[in-house]
Amino acid sequence: MTLVLRFGRGDAARCRFAISPLQETMSALLVLKKPGRHGWYLPWLREVRPVIARLDLGLLDAAAPSNGYGPDFLWPTPTGPRTTIEDDLAQVRATDPATVAAELAEHARRIDRHALRDDLHRVLTGDPVIARNTLVTQQRLAWQALVEPLWDRIRGLLDADITTRARQLADSGLAGLFADLHRRATWKNEELHLTGFRHGTVDLRGRGLILVPTAFGWPNLGIGPTDDTSVTPPALVYPMLGAARLWEPATRSPAIARLLGSGRASVLAETLVPSTTVSVAHRAGLAPATVSEHLTVLREAGLVTATRRGREVLYRQTPLAAALLHPART
């Protein structure tokens, strides 16, 4: 089964990247439902399970798909690379009650009725405003428990992925971008062919395509909305580059500590994932002013690079730093 996205005049120019905190939250919830998806999620699962056990996420868990169809309004298309969780939740909260009712009713028909508590089934199929507002509340709780503690690190890697993909797009066009985006995505004849979805064709009609990298979505590929009459451009959600690095421990080599000093070595180790000064300070247990001084020296020495993201600056290890910290890999 193949879904074909047909690009017309202006669609290529309207392809853009976006980031969605709520997309990460919903994808993280699916990892909880299928914990064996990949081993690199295990450290995160061990940390969040005691926290999530104390929260009431029953309705959200029932509405989130294990596979296949899920209510589209719970996965709003992000507006851009600076989307916040409040932006995402505002989109869900603004969903027309008629849309909520239709999508939840379709979802309720697809899931195993015997596996769903009676009270949750009543909410799913009852007043759509109550259901929508309850789901928004539980999405916020899930965000706070599952994703927010890691968001700075996740955001750094998402930005790094977008930088790499945007360069591919600029250098080689859509053919270069989709050449290694995902094994189920193939570009040919001005069309994007996505295997593993319903068979059909979606004409982009000048809406373009929004590309959304995700940390928790590996190894899946997602697309929506695919309604040919929708005014919202489809969002293609794909696994970001370097997702496993989120849980890779920072390397603090005793030899590098002797060379640079323990504080500077700790700061360098924490820039494995692109990070802000405040984030590095939090993880390294140092004052932000101290970290800022260390980062300045490390940058002058060619061990970190600095990339501006709006009002923030992200610091990241250079290949030279990686060679020093991981000599066996070079």
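Okay, let's start with strand S7, residues 222-224: three bridges join S7 to strand S8, residues 235-239, and the two run antiparallel. In that pairing, Ile223 has Leu236 of S8 as its bridge partner. Before I go on, this is a predicted model, where local features need pLDDT of at least 70, side-chain atom pairs count only at pLDDT 80 or more, and totals for chains, interfaces and linings use all residues. Residues are numbered from 1 along each chain as its sequence is written, and side-chain values use heavy atoms, with hydrogens and water left out.

Quick word on terms: helices (H or I, at least four residues) and strands (E, at least two) are DSSP runs, numbered from the N terminus. Two strands pair if DSSP finds at least two bridges between them.

So, the sheet. It's open, has four strands in the order S2-S6-S8-S7, and the pairing is mixed. At the edges sit S2 (16-17) and S7 (222-224), each pairing on one side only. On to helix H8, residues 151-178, which packs on this sheet and touches S2, S6 (210-214) and S8; contact here means heavy atoms within 4.5 Å. The direction of H8 makes about 135° with that of S6, with axes being lines fitted to C-alpha atoms, for helices over the stretch in contact, and angles running from 0 to 180 degrees between N-to-C directions.

Back to S8. Five bridges join S6 to S8, and those two run parallel; Leu211 stands opposite Leu236 in S8. How many of the five residues of S8 are buried? Five of five, where buried means under 20% relative accessible area, exposed over 50%, and partly exposed in between, with a 1.4 Å probe and protein chains only. Ala235, Val237 and Pro239 are on one side, Leu236 and Tyr238 on the other, and both faces are covered.

Compare strand S5, residues 200-203. S5 is joined to strand S1 (residues 2-6) by four bridges, running parallel, and Leu5 stands opposite Val202.

Now, helices. H8 bends by about 135° at Ser172, the bend being the angle between axes fitted to the seven residues ending there and the seven starting there. Its end C-alpha atoms span only 26 Å, whereas a straight helix of 28 residues would span 40 Å at 1.5 Å a residue; the expected span is 1.5 Å times one less than the number of residues.

Next pair: H1 (residues 21-33) and H4 (residues 85-93) pack at about 75°, axes 7 Å apart. That makes H1 roughly perpendicular to H4; the cut-offs are under 35 degrees for roughly parallel, over 145 for roughly antiparallel, 65 to 115 for roughly perpendicular, and the rest oblique. Pro21, Leu22 and Gln23 of H1 meet Ile85, Asp88, Leu89 and Val92 of H4.

Last stop, H10, residues 262-269. Six of its eight residues are buried, so H10 is largely enclosed by the rest of the structure. Its buried residues pack against several elements, including helix H9 (254-260), strand S9 (304-309) and helix H13 (319-325). In H13 we find Ala322, which counts as partly exposed at 28% relative accessibility.
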